Amino acid sequence: MVAVERWLLPDGVEEILPAEAIKLETLRRQILDLYASWGYDLVITPLIEFLDSLLVGSSHDLDLHTFKITDQLSGRMMGIRADITPQVARIDAHSLKKSGAVRLCYADSVLHTKPRGLLTSRVPIRIGAELFGCSGPAADIELICLMCEMLAVAEIKDVHIVLGHVGIFRNLVAAAQLTEEVEKELFDALQRKAYEDIDSLLESKVADPQLRKMLHDLSRLSGDEIVLQTAQEKFKQAPDSVRKELAELAAIASGVKQRRPDISLGFDLCELRGYEYHTGTVFAAYCPEYGRALAKGGRYDSIGQVYGRARPASGFDSDLKTIARLSARSISFRAAIIAPDDADAELLTLINKLRGQGERVVVNLDAAGPDAKKETGKLAGRKIIRKNDTWQVVDL
């Protein structure tokens with residue numbers, strides 16, 4: 001009979017031990033406090049719900065990452081959330097039904113059928129903010145700046161923000177009258193930055209030489225802030241919709257730089273992450289220590305339409321586990337005060353008073369044990385002793 005190693009966890013699923021847990025929880029509280037200071041209200045969404053509601057407005061990729069089960073009460077398919085944004089959009093559209101700007105935030109676990117990347121968790125803790133009811137550049141500017149503030153709270157260094165706009169590609173494709181199949185092929189080649197495949201597709205499928213040249217140029221437009229100037233020059237003859245999207249992107253970049261002049265800003269105009277999902281500006285934060293985006297977001301207007309109210313919407317989120325791992329902050333347990341295991345009323349009153357003041361008081365339940373002194377030394381910097389007929393706190 002093969003012994004079962006009951007301590008094993010599934011790939012991509014991990015325990016969070018005390019040292020990491022206190023860091024995660026401290027950052028969670030401080031980031032949510034930051035969101036609250038900007039006017040974002042906390043919401044808590046269901047871990048599981050009907051699949052047709054959970055995947056509204058989401059991409060095929062999210063569908064693949066969602067665990068699916070059958071509800072034993074209704075017989076309908078249910079999903080364990082792999083993303084929280086659609087749920088928050090439903091709260092705005094259906095539950096709150098407010099007019100004007102609505103700011104919501106969240107911090108909770110999600111579950112993925114498989115990791116999204118090398119060494120990523122299948123149970124990330126998503127923490128993010130969503131802004132509904134504002135369609136202009138000001139909303140995206142606010143969210144990008146708030147994302148930067150979040151990373152500053154975590155003391156993540158050398159952050160680089162990359163901006164893009166899925167509307168530019170979408171409008172050029174529409175002008176070129178490409179079929180859905182060709183659009184998907186071109187989209188895939190752009191994501192792989194497979195320039196030979198891109199050029200071959202454009203040569204064979206785009207008849208208009210001017211549009212072909214614009215799509216070719218778009219595939220190469222990534223880099224520092226000069227990229228935006230180059231794009232505006234190359235797309236002078238582009239359809240009005242394309243020039244409008246570029247002007248919007250320029251306004252957002254200018255607004256972010258005005259508020260955060262120290263920020264490192266770049267552009268990738270063929271960044272089409274969330275193409276099926278996003279409708280406008282997309283943005284992401286990177287740092288040298290991590291090979292993927294450590295926070296990302298963008299505009300996803302009208303996601304609430306299926307819930308009866310189409311609203312402008314934009315937001316961002318991040319994995320709190322990744323944020324904590326990359327954070328330069330040192331967060332540890334507060335040094336404890338060791339108290340004797342004694343039912344004396346005066347001692348119990350002192351312990352309760354200290355705990356009420358925020359102190360960490362640990363009752364030594366095993367003072368006679370062989371390792372009590374060792375354990376006490378690891379936990380504490382002070383202890384409570386009986387001296388001159390009173391209980392007093394003294395240094396160890």
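**Aromatic pairs, cores and local features of the predicted model**

In this predicted model, the count of aromatic pairs comes to 2. Phe132 and Tyr300 are both buried. A ring is also involved in a contact of another kind, in which the charged end of Arg76 sits over the ring of Phe50, 3.7 Å from its centre.

The aromatic residues lead on to the nonpolar cores. The largest nonpolar core has 78 residues, and of these Tyr35, Leu163, Phe235 and Leu294 touch the most other members. Helix H5 (residues 137-153) gives the most to this core, contributing 10 residues. When residues up to four places away in sequence are not counted, Leu294 touches Leu151, Ile156, Ala285, Tyr286, Cys287, Ser318, Asp319, Ile323 and Leu326.

Helix H5 also holds Asp140, a residue that counts as buried because its relative accessibility is 1%, under the limit of 20%. Beyond four places in sequence, Asp140 touches Ile252, Thr281, Arg299 and Ser314.

The arrangement of buried residues can be followed in helix H10 (residues 226-234), where the buried positions are Val227, Leu228 and Ala231. Seen down the axis of H10, these residues fall within an arc of 100°, so they line one face of the helix. In an α-helix there are 3.6 residues a turn, so residues three or four places apart point the same way. The buried residues of H10 pack against strand S8 (222-223), helix H11 (240-259) and strand S9 (264-268).

Most residues other than glycine have a negative phi. Glu155, however, has a phi near 55°, a positive value in a residue other than glycine, and lies in the loop between H5 and strand S7 (160-165). Glu155 counts as partly exposed, at 34% relative accessibility. Asp389 likewise is not a glycine, yet has a positive phi of about 65°; this residue lies in the loop between S15 and strand S16 (390-395). With a relative accessible area of 64%, Asp389 is exposed.

Strand S15 (residues 380-387) includes Ala380, which is buried, with a relative accessible area of 12%. Not counting residues up to four places away in sequence, Ala380 touches Ala336, Ile338 and Leu396. The C-alpha atoms of Ala380 and Thr66 are separated by 44 Å, and these residues are 314 residues apart along the chain. Ala335, in the loop between helix H12 (320-326) and strand S13 (336-340), is partly exposed, with a relative accessible area of 44%. For Ala335 and Val361, 26 residues apart along the chain, the separation of the C-alpha atoms is 9.0 Å.

Taken as a whole, the protein chain has a secondary structure of 14 helices and 16 strands, and its C-alpha trace spans about 95 × 55 × 45 Å along the principal axes. Of its 396 residues, 46% count as buried. Among contacts between residues at least 6 apart in sequence, 69% join residues at least 24 apart. The chain averages a pLDDT of 90, and 94% of the residues score at least 70. Over residues 370-377, by contrast, pLDDT stays under 50, and the model has 6 contacts beyond four places in sequence for this stretch. Where pLDDT is low, the predicted coordinates should not be read in detail.

Methods. Residues numbered from 1 in each chain as written. Predicted model: local features only at pLDDT ≥ 70, side-chain atom pairs only at ≥ 80, totals over all residues. Heavy atoms only, no water. Buried < 20%, exposed > 50% of the residue type's maximum accessible area, 1.4 Å probe, protein only. Helix = DSSP H or I, 4+ residues; strand = E, 2+ residues; numbered from the N terminus. Arc of directions from axis to C-beta. Contact = heavy atoms within 4.5 Å. pLDDT = per-residue confidence, 0-100. Phe/Tyr/Trp six-rings, centres within 6.5 Å; stacked < 30°, edge-to-face > 60°. Lys NZ or Arg CZ within 6 Å of the ring centre and 35° of its normal. Core = buried A, V, L, I, M, F, W, Y, C linked by side-chain atoms within 4.5 Å.
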